[in-house]
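Biologist: I would like to learn how to read a model of this kind, feature by feature. Please give the general idea before each case.

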Amino acid sequence: SGVAVFALNYATSGILATTSPAVFPSLPHHAVDVALAVWAVGVWGVFDCTKQGLAMAALTAVAGPAAEIFLINVMHLYHYTDPDFLGIPSWIPWVYFCGAPA
């Protein structure tokens, strides 16, 4: 069930952050960050809730985006349509954080 919740989080991130056509046109970027952060911390709390799990989720939230930054800016393998920071959207670490307990 953790994997299903992660998959739903991933899909929701795309729906909330879509800019063309915008599903939620007046939704500011920071609102997407907050919504996904609350969701990610909630997933950790429900499916793990250990110090080690929190450390792994934090590590995943750093390592995943770092790998994407490398793949986007160095390898030029893909791109996001609306990046905020070094070629990635600001909400992507929360998706990785959510995926760690899954």
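Biologist: What should I know about the source and the numbering?

Modeller: This is a predicted model, in which local features need pLDDT of at least 70 and side-chain atom pairs count only at pLDDT 80 or more, while totals for chains, interfaces and linings use all residues. Residues are numbered from 1 along each chain as its sequence is written, and side-chain values use heavy atoms, with hydrogens and water left out.

Biologist: How many helices and strands are there in the protein?

Modeller: Both are DSSP runs numbered from the N terminus, helices being H or I with at least four residues and strands being E with at least two. The protein has four helices and zero strands, and its pattern along the sequence reads α-α-α-α.

Biologist: What does the radius of gyration say about the protein?

Modeller: The radius is taken over C-alpha atoms, and the globule rule is 2.2 Å times the number of residues to the power 0.38. For 102 residues a compact globule would come near 13 Å, and the protein has 14 Å, which agrees. The C-alpha trace spans about 35 × 30 × 20 Å along its principal axes.

Biologist: What share of the residues is buried?

Modeller: Buried means under 20% relative accessible area, exposed over 50%, and partly exposed in between, with a 1.4 Å probe and protein chains only. Buried residues are 28% of the 102 residues in the protein. As for the surface, areas come from the Shrake-Rupley method with a 1.4 Å probe, where for residues only the protein chains shown count as cover. The protein exposes about 6,000 Å², and carbon and sulfur atoms supply 73% of that.

Biologist: At what angle do H1 and H2 pack?

Modeller: Axes are lines fitted to C-alpha atoms, for helices over the stretch in contact, and angles run from 0 to 180 degrees between N-to-C directions. Angles under 35 degrees count as roughly parallel, over 145 as roughly antiparallel, 65 to 115 as roughly perpendicular and the rest as oblique. Helix H1 (residues 2-17) and helix H2 (residues 29-47) pack at about 180 degrees, with axes 11 Å apart. H1 and H2 are therefore roughly antiparallel.

Biologist: Which residues meet between H1 and H2?

Modeller: An α-helix has 3.6 residues a turn, so residues three or four places apart point the same way. From H1 come Gly2, Val5, Leu8, Asn9, Thr12, Ser13 and Leu16, which meet Val32, Ala35, Leu36, Trp39, Val43 and Phe47 of H2. By class, this contact has nine nonpolar, four polar and no charged residues. Here Ala, Val, Leu, Ile, Met, Phe, Trp, Tyr, Cys and Pro count as nonpolar, Asp, Glu, Lys and Arg as charged, and the others, Gly among them, as polar.

Biologist: Is Asn9 buried or exposed?

Modeller: Asn9, in helix H1, has 0% relative accessibility and so counts as buried. Leaving aside neighbours within four places in sequence, Asn9 is in contact with Leu36, Trp39, Trp94, Val95 and Cys98.

Biologist: Which residues of H4 are buried, and what do they pack against?

Modeller: In helix H4 (residues 92-99) they are Ile92, Val95, Phe97 and Cys98. The buried residues of H4 pack against H1, H2 and helix H3 (51-73).

Biologist: How do sequence separation and distance in space compare for Phe6 and Val95?

Modeller: Phe6 and Val95 are 89 residues apart in sequence and 7.7 Å apart in space, C-alpha to C-alpha. Phe6 is in helix H1 and is partly exposed, at 26% relative accessible area. Not counting residues up to four places away, Phe6 touches Val95, Cys98, Gly99 and Ala102.

Biologist: What does Ala61 touch?

Modeller: Ala61 lies in helix H3 and is buried, with a relative accessible area of 14%. Beyond its neighbours within four places in sequence, Ala61 is in contact with Pro93, Tyr96 and Phe97. Val62, also found in helix H3, is exposed, at 58%.

Biologist: Where is Cys49, and what is its phi?

Modeller: Cys49 lies in the loop between H2 and H3. Its phi is near 65 degrees, a positive value in a residue other than glycine.

Key:
Contact means heavy atoms within 4.5 Å.
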